[in-house]
Amino acid sequence: MRETLHQLEQTIRQRRSADPSTSYVAKLTARGRGKIAQKVGEEAVETVIAAMADDRAGVVGESADLLFHLLLLLADLDISLDDVCDELERREGVSGIAEKASRPAD
Ligand SMILES: N=c1c2ncn([C@@H]3O[C@H](COP(=O)(O)OP(=O)(O)OP(=O)(O)O)[C@@H](O)[C@H]3O)c2ncn1[C@@H]1O[C@H](COP(=O)(O)O)[C@@H](O)[C@H]1O
């Protein structure tokens, strides 16, 4: 999963400066951060709607759209996927410590 997202992150960074007439990434980038952010919101809502309808195939498709547009937004902000993964791993470490602390000593 992380490898797939890293590959897509690279593709997005390369396509940002492509010809907007042949590249969706370049076209959306040219429309500005507000439009990219709007698309992230729309795809999130579509994912929720599919989930509430128990539409599993829909959730898979909308989740892919959501992750793609989120990566586009992160690229626009020059935030890397590694920055986000580092934050998730930091939280995992914090909750791991908290979990250990709440366990009775052997
Ligand atoms: N993963 C994706 C991907 N997922 C979704 N989309 C596009 O996202 C758009 C979302 O669809 P919508 O119907 O919501 O939006 P729309 O009607 O096209 O546009 P709006 O006017 O509503 O904003 C569609 O045009 C999809 O083609 C994607 N476009 C590109 N990629 C990846 O990005 C790479 C580079 O793409 P290009 O920049 O087009 O070369 C591709 O090789 C793919 O790997």
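Okay, let's start with helices α3 and α4. In this predicted model, α3 covers residues 33-52 and α4 covers residues 56-76, and their axes come within 8 Å of each other, crossing at roughly 160°. Anything over 145 counts as roughly antiparallel, so that is the label α3 and α4 get. As for handedness, the crossing of α3 past α4 is left-handed.

So which residues of the two helices actually meet? On the α3 side you have, among them, R33, I36, V40, E43, T47 and A51, and on the α4 side the list includes V59, E62, L66, H69, L73 and D76. If you sort the residues of that contact by type, you get 11 nonpolar, four polar and seven charged.

Next up, the core. The largest nonpolar core has seven residues: I12, V25, L28, I36, L71, L72 and A75. Two helices, α2 (24-31) and α4, each supply at least two of its residues, and α4 gives the most, with three. As general background, nonpolar side chains in soluble globular proteins tend to be buried together.

Let's stay with one of those core residues, L71. What does L71 touch, leaving aside its neighbours within four places in sequence? The contacts are L5, L8, E9, I12 and L81. I12, you'll remember, is in that core too.

Last stop, G34, back in helix α3. Is G34 buried or exposed? Exposed, because it has 8 C-beta neighbours inside 10 Å, and the cut-off for exposed is 12 or fewer. And if you want a sense of distance, G34 and D83 sit 49 residues apart along the chain, with their C-alpha atoms separated by 22 Å.

Methods
Residues are numbered from 1 along each chain as its sequence is written. This is a predicted model: local features need pLDDT of at least 70, side-chain atom pairs count only at pLDDT 80 or more; totals for chains, interfaces and linings use all residues. Axes are lines fitted to C-alpha atoms, for helices over the stretch in contact, and angles run from 0 to 180 degrees between N-to-C directions. Helices (H or I, at least four residues) and strands (E, at least two) are DSSP runs, numbered from the N terminus. Angles under 35 degrees count as roughly parallel, over 145 as roughly antiparallel, 65 to 115 as roughly perpendicular and the rest as oblique. A crossing is left-handed if the near helix is turned anticlockwise from the far one by less than a right angle, and right-handed if clockwise. Two residues are in contact if their C-beta atoms, placed from the backbone, lie within 7 Å. Ala, Val, Leu, Ile, Met, Phe, Trp, Tyr, Cys and Pro count as nonpolar, Asp, Glu, Lys and Arg as charged, and the others, Gly among them, as polar. A nonpolar core is a set of buried Ala, Val, Leu, Ile, Met, Phe, Trp, Tyr and Cys residues joined through C-beta atoms within 7 Å. A residue is buried if 20 or more other C-beta atoms lie within 10 Å of its own, exposed if 12 or fewer, and partly exposed in between; C-beta atoms are placed from the backbone.
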